[in-house]
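Let's take a walk through this one together. Have a look first, and then we'll go piece by piece.

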Amino acid sequence: MSLNGKVAVVTGASSGIGQSIAKSLAASGASVIVGARRLAPLEDLASANEKITACACDVTDLDSFRNLISTCESTYGFPDILVNCAGVMYFTLMKNAKVDEWIKTVDVNCKGVLHGFACVTEKFVERGSGHIVNISSDASRRIFPSLAVYCASKTFVDILAEGTRRELVGTGIKITNIQPGDVKGTELIMNNTDGEAAEKMGVEIGKPVGEGFNRNQLIDVEDVANAVIYAVTAPAHVAVNEVLIEPRDQE
Ligand SMILES: NC(=O)C1=CN([C@@H]2O[C@H](COP(=O)(O)OP(=O)(O)OC[C@H]3O[C@@H](n4cnc5c(N)ncnc54)[C@H](OP(=O)(O)O)[C@@H]3O)[C@@H](O)[C@H]2O)C=CC1
Ligand SMILES: CC(=O)[C@H](N)C(=O)O
């Protein structure tokens, strides 16, 4: 199914998975607004693709998220699809009390997603259609040491999505949680600071996911983008509520 005529907003599109999702949505025919704090990579993405427009956005700030949605509305129309992809992940040992990193995790991964729900749900209900896609993680389903706060944040997203989905049954709205395992080459762990936690997990700080990472196998950003396309192009009567997508050889 083509997404011609559809409008999408993707947060966290200045790198990694979000960038790939934005490209795939545009390649499938959607007009796409991409948001993140760093404007330069968003503008690079937009200048290489006529169906993509950049807009700076900090998802932890509700007014900034509202501005992202109103920029979308004035450029292409109110979104049909919102992809909440912005996220942070810090390996931290609880005993090392990296409170700033815990708070950032909650702010971006939980509050940021709530802001997304706040900006689109009422309009989606009025209109009788709309699709929210959250990039959660397999960390909501398998709990990793050194990642207690991150796992909790992604569990929050899963429960929020399922609770909202059930509340909205019959309104025409779809909510999908994509739960990726390790995805190669993204910037997710570049800014980690708890060397002890990273060492325990076999992760080298300052490297993209997959480099300096003792995992057997990883999936690609395009694999996650394909899962998003699968969910948003499903027939109207089909809801893809959850997609757990991991490397084949992950235990
Ligand atoms: N890589 C992996 O193995 C996996 C990743 N995920 C999830 O995928 C999502 C994307 O991560 P990934 O692509 O790997 O990592 P990246 O670090 O490459 O991407 C994270 C994105 O989030 C954006 N972001 C961070 N904070 C904010 C903020 N306050 N406001 C707006 N945007 C923000 C960043 O942009 P900027 O800094 O410009 O604001 C960036 O575009 C995350 O939610 C992550 O939890 C899930 C499972 C596995
Ligand atoms: C906990 C993980 O390593 C997971 N792949 C993620 O990055 O979310």
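Start with strand 2 (residues 31-36) and strand 3 (residues 52-56): they run parallel and are joined by five bridges. (Strands here are DSSP E runs of at least two residues, helices are H or I runs of at least four, and both are numbered from the N terminus; two strands pair if DSSP finds at least two bridges between them.) To get from strand 2 to strand 3, the chain passes through helix 2 (residues 39-47), making a right-handed β-α-β crossover. Right-handed means that, with the strands pointing away from you, the path from the first strand over the helix to the second runs clockwise.

A word on the ground rules: this is a predicted model, where local features need pLDDT of at least 70, side-chain atom pairs count only at pLDDT 80 or more, and totals for chains, interfaces and linings use all residues. Residues are numbered from 1 along each chain as its sequence is written, while chains are lettered from A and ligands numbered from 1 in the order in which they are written.

Now for helix 1. Because 11 of its 12 residues are buried (20 or more other C-beta atoms within 10 Å of their own, C-beta atoms being placed from the backbone), helix 1 is largely enclosed by the rest of the structure. Just after helix 1, Gly 29 has a positive phi of about 115°.

Helix 1 (residues 16-27) also gives the largest share of the shell around ligand 1, three residues. Ligand 2 has its own surroundings, including Met 89, Ser 137 and Asp 182 (near means a C-beta atom, placed from the backbone, within 6 Å).
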